[in-house]
Amino acid sequence: MADDAGEAVPPPVEEGGAVGGAEAPAAEAPEAGGEAAAEAPAAAQEETPPQAAGEGEQAGGEAAPAEAPAAEDPPPEGGAAPAEAAADGGEAPPEDGAAAAPGDAPPPAEAASGEGGAAGGEGAAVAAEAEVVAGFKLPKIEDAFDAWLAAQLEASPADEKDTDEFKYITFTELPPFTDAHKSLMRQVLTPELFEKLKGVKSSKGYTLSNGMQAGVLRPHLGVGFTAGDEECFELFKEVIYPIVEGWHKFDPATQEHKSDLDPAKVTMTEEQAALFQKYVKSTRVRAARNISGYSLPAGSSKEDRLAVEGVLKQAFEGLPAELQGTYYPLGGLTAEQETALQAGGFLFQKPGPMQLLGAAGAGRDWPEGRGIFHNESKTVLCWCNEEDQCRIIAMEDGGDVKGVFGRFCALSDAIKAAAEANGKSLMYDEKLGFLGTCPSNLGTGLRASVMIVLPELNKDVHKLEEICAGFDLQPRGSSGEHSAAVGGKWDISNKQRIGFSEVELVQKMVDGITKIIAMEEELAAKNGGGGGGPVGFSLPQIEAGFDAWLQGQLDASPADAKDTEEFRYLTFSELPPFTDLHKSLMRKTMTAELFEKLKDVKSSKGYTLSNGMQAGVLRPHLGVGFTAGDEECFEVFKEVIYPIVQGWHKFDPYTQTHKSDLNPENLTFSRGQQVLFDKYVVSTRVRAARNISGFALPCGANPQERTGVENVLKEAFAAFDGELKGKYYPLGALSKADEDMLQSNGFLFQKPGPAQLLAVAGAARNWPDNRGIFHNDAKTALAWCNEEDHCRIISMQNGGDVWSVFARFCKISDTIKAAAVSNGAKLMESDRLGFLGTCPSNLGTGLRASVMIKLPELNKDPHMLEEICNEFDLQPRGSSGEHSAAVGAKWDISNKQRIGFTEVQLVQKMIDGITKIIAIEEKLASNPGMSPMQALKSV
């Protein structure tokens, strides 16, 4: 659970896309949540393995709800099915939740650490709730597994750590893990090892089953094991050590970790200090500390939790003058204090029942014994009893890395001194370093980062990533890893956590940033910078055996007419020997027999089975794993696509048909509803994709077809009149002023990175030719040309006039349809699948109708709001995406389904559901003692 990154499993927002945040209404996009919003603690989330850092991205702040374009939406049932990427086609949650659109304020708290969480690592993987025992709910994963799990829960003896809300399960046998379970715990735990350790218990009562519980209930976790106290690292080392080796590439059986918290040893010359002050907007250093003798949060008793809080309060009282501040007990916050902490990004929320910390038991007895400390100048921050006993963060504006690191060390020393004054010590091990709840956050557990402005290097995101990798650093753009950075502001941090001391990691960051600044200045002096990206096609590293097979397939693949200098299509000669990491529906659907049957099938435009599989083979964490290259694919490969659609959407195209209704007059939206919406709704948006029959889709298109699509769309844009009249901006011919304007409004999309869905599927070839952006003068209509689909269309405006926004959307769609017809074509549409497009996750209506709405009362319990929204087939997203809190109580709420309902029906569901939610909000505001569920029953 480390900082935020999450385990390399994305939240299923939508599969695909090149960049996030472009869909916010003009008034909202620029915020993107800011650093505060995006890094505001939501809930714990597991860190991306250092060696894999760079697998994930997730939009944060309002940019996330504003929805990263072209991506894959969560399965309508919210089920454990495919977790997919957000905006940038990212498939792993960002490390540190720092998907922020970096702001200039001192970086506030980080999106909490840990393996799973609100901030988004696992949104889509969060399963529907099922079995309930004494207020404790099990997820729905797969029928047979669910039945086994319910029986285990029923048979489990009482655990002294149980509460009314939470129950620890005692597993009597090794769980019959499903294909969805991908954690290192699952890989390490054999029947023999389970039998050996199942009866082992620490002196504080933490068992093997306790440690496994989160990984069993949350199948998409990457680590899947939590420690409940210090003894666990010895008692369960046969589980933990292999997990550490798999996650960190550090072998605690043969290696030792060293710590060095002497800031005087960090070397930073006056010249470096001056450079950092010029380029660096803010600096942050964070890690966790735990006190020996007390349980960790996943196994803590009330007594231990309160004792930890007592030691920490003593530490805060003993801080030097510049660090003196206020401790805010979480259960005793005034409304004003809560608002101030939330606005600063300092507030953390109770973890949801299916988030890592919730599933592991760290949310018991909430909010007792939890709290937040910050100093008067807000340059130090501590969380008490969240994922670990204490998360400490030092931060400030500017580039004084030594000063920030010195402050961090002072905090650590103060906590150590307070522990010793109570006859305790910090949890530390010579092999594993500082100990904590999740094995992903051992060693130093330290993340030292700067928010830095790099306008020249920002012109080539992928080159910057390569440069950073050379210095063992990890860059994050405005929407997380592999995304562009609005304003050229990048968050860059150390990759490693264990095997290096704190001083060494901070020094690596300082030295690497110094060299990056030198490159930036060299490019600026040449008045050019940023090129077209590296030439050549490279394969990812997944597992050694699989990598060797993949290289052999690439070497043997014949030339494909669609290949370019930068990209190659592989032709698979046999069914890929999928690894445990491959979790897509394509992998589950593709049998050896089906592969043999279809491997030589080709559409008239030359798109093959191998072409469609390529993204799912090269990107193991994709949830769908198959892309369409043209309209014929939906017929020639329907034996692959139809089961994927059924698995993702719970819609069976073999037996069901889809219908469309784009007549806004069929929508019911009363004057009374309009008044309510105008009071509560900040902005409204409707979006979907349209593709033109007769042209290949972006993953299979050649330059001529891409040009043909652009010409049809330009004809449509030219036909826009009245409020839709605007301008088309070809992506390859943008002036600096146009680029800055589009980027600041959140309208600009970038070339997808080589590890993102669209890139590995071939949709980025010949970039940026024939790609472009249209928006009307009022910036209430937006269209993207040749990104994931031929055209992504978005209608949006401030306020709650849903009818007008939907009517504008329909007019855009109708105008594109008319332009296609005038060119002897039509829109891609099927009676069974609805509107067709690149990814099976975006079929049917492909429509997302959403409002950004203020709900201060319901915001007090985000998990109850999720349950209420679920009643109305709606999906809420907080400031950092699904399952996160909402800064300023602003929630993005949208329809869940995409297929099987018409556009009018889905928008109507959203209107009716939001109307009920507003009624609930008003009942709560006028009846302080009423619970949300009581309010729900009364509306």
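Let's start with helix 26. Which of its residues are buried? They are Pro862, His863, Met864, Leu865, Glu866, Ile868 and Cys869. That makes 7 of the 10 residues in this helix, which spans 862-871. So much for the list; keep in mind that this is a predicted model.

What do those buried residues pack against? There are two strands, strand 21 at 874-878 and strand 23 at 890-895. There are also two helices, helix 27 at 903-926 and helix 28 at 932-938.

Now walk along the chain. After helix 26 comes aspartate 873. Its phi is positive, near 55°.

Next, strand 21. How many of its residues are buried? The count is 5 of 5. Look at the two sides. In a regular strand, side chains alternate between the two faces of the sheet. Here, Leu874, Pro876 and Gly878 sit on one side. Gln875 and Arg877 sit on the other. Both faces are covered.

Which way do strands 21 and 23 run, parallel or antiparallel? They run antiparallel, and 4 bridges join them.

Last, confidence. The chain averages a pLDDT of 84. At least 70 is the score for 83% of the residues. Two stretches stay under 50. One is residues 1-130, where the model still has 676 contacts beyond four places in sequence. The other is residues 528-535, with 20 such contacts.

Technical notes:
Residues numbered from 1 in each chain as written. Predicted model: local features only at pLDDT ≥ 70, side-chain atom pairs only at ≥ 80, totals over all residues. Heavy atoms only, no water. pLDDT = per-residue confidence, 0-100. Contact = heavy atoms within 4.5 Å. Buried < 20%, exposed > 50% of the residue type's maximum accessible area, 1.4 Å probe, protein only. Pairing = 2+ DSSP bridges.
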